[in-house]
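Please look at the sequence and the structure below.

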Amino acid sequence: MNTGQMFNPGMDAAREPASVPDTVLIPMRFVWPYGGRIVFLSGSFNRWSELLPMSPVEGCPTVFQIIWSIPPGYHQYKFCVDGEWRHDEHQPFISSEYGIVNTVLLATEPNFMHGINQGMPSGSNMDVDNEAFQRLVQISDGSLTEAAERISEADLQVSRHRVSVFLSTHTAYELLPESGKVVALDIDLPVKQAFHILYEQGISMAPLWDFSKARFVGVLSASDFILILRELGNHGSNLTEEELETHTISAWKQGKAYLNRQIDSHGKAFPRPLVYAGPNDNLKDVARKILHNEVATVPIIHSSSQDGSFPQLIHIASLSGILKCVCRYFRHCSSSLPILKLPICAIPVGTWVPKIGEPNRRPLAMLRPSASLSAALNLLVQAQVSSIPIVDDNDSLLDIYCRSDITALAKDKAYAHINLSEMTIHQALQLGQDSYSPYELRSQRCQMCLPSDTLHKVMERLANPGVRRLVIVEAGSKRVEGIVSLSDIFKFLFG
């Protein structure tokens, strides 16, 4: 519904709400969360002379946003939605000679806040809770993090304690779905066949079964395939493409142990023991096993006998499933966890692009789509990360390359026909894609969030199946600012 007349460039600038004559400009995020096809922003900060196009949020097509730098002061603004002027009824607004407009007060000094309050138009609901709205502006912007409300150490400890109590009093049985399947591989299978199975089943790992020992002895994962491909590309390697056809998983695990110098006093290799959990183990212990051993999942194995014989593989546990339990339990009592309301930019979680003056922060690994697949695999191994954001020349997010993407090379034996140094990441990502537009963000594999998103929102999204990390981007430009993973969340919750 049209709530006011159309603004045009000829509006009398003398009648605009005043702002402080200052050269300081502060970036602010404006949001229109009520849908539309084309949404613009205009306001007194640009003298109503320009319609600023707003961009839809990835994964939330009804939410539009824009970051625009404005001077400190009192401003009015309005949204143009599909040709009609609208205001946000859930933000401060007033009725003026131009119709109903939203208002915002942006101050950098306490004395300025006092002066503006005295000169504000009567009837404005800005005087109801200016301080609370000011905090909202600062937090949603993300550039004024230092001024954002911080959680107290007491609230942090209370939140962590309540999560710890929940995880300690619930077991892995609660992770089991009503129906589903688990895949295990015979350790005597050829490596080539094993990776075809991983690709066809759409999984990135599988427990290994040793018939001679009648027990599970390890896992085969996408990381193994990465190491094998790097070994094949090594001119000094003893492993050839022909041998890969008959090379068994057992033989590879032995060879991997020698490569990693896992050798006993007699010179015999001993592969890494299987990390697993039982159905009666509490969720806190399961999560700690995943974090401590730096694995993505742990098999849940049940045995009805005292000696552990006749084991049954009943589930593959992940941090995502555990986080889903946490979110489900606290969904209707989120106020009992004060940390959930904080924006992720205000808490120490995730890996962020280093800012000026922060030389000791761990750099965030990113690559261009033209980089070689060899460079991506080397980075995954050497930086010990599970994914790499793929960005353009402006560091805006295009896609993401994950360890599990390597299994696509099993399709049609692509690994036997490519040169890792010549294939680009863009070409590698296209493998196995029946229909894929270049650099189109695919919602299921390239999940994003904003620095201003709350920890609660981030946790809810990470609890979705298949989502292991969120790339933190700047609104509008999609410039990569960081990445937050499931393990980051649990490390923060555990303290």
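The buried residues of helix α13 pack against α3 (153-168), α8 (283-293), α9 (319-330), β15 (351-352), α12 (455-462) and β20 (480-485). Helices (H or I, at least four residues) and strands (E, at least two) are DSSP runs, numbered from the N terminus. Buried means under 20% relative accessible area, exposed over 50%, partly exposed in between (1.4 Å probe, protein chains only). The model is predicted: local features need pLDDT of at least 70, side-chain atom pairs count only at pLDDT 80 or more, and totals for chains, interfaces and linings use all residues. Residues are numbered from 1 along each chain as its sequence is written, and side-chain values use heavy atoms, with hydrogens and water left out.

Seven of the nine residues of α13 (residues 486-494) are buried, so the helix is largely enclosed by the rest of the structure. Among these buried residues are I489 and F490. Leaving aside neighbours within four places in sequence, F490 is in contact (heavy atoms within 4.5 Å) with L167, A287, L291, L319, I322 and L323.

A nonpolar core is a set of buried Ala, Val, Leu, Ile, Met, Phe, Trp, Tyr and Cys residues joined through side-chain atoms within 4.5 Å. In the largest one, of 48 residues, L167, L323, M459, I489 and F490 touch the most other members. Its largest share, seven residues, comes from α9.

Strand β6 (residues 73-81) has nine of its nine residues buried. β6 pairs with β2 (residues 39-43) in the antiparallel sense over five bridges; two strands pair if DSSP finds at least two bridges between them. In this pairing, L41 stands opposite F79.
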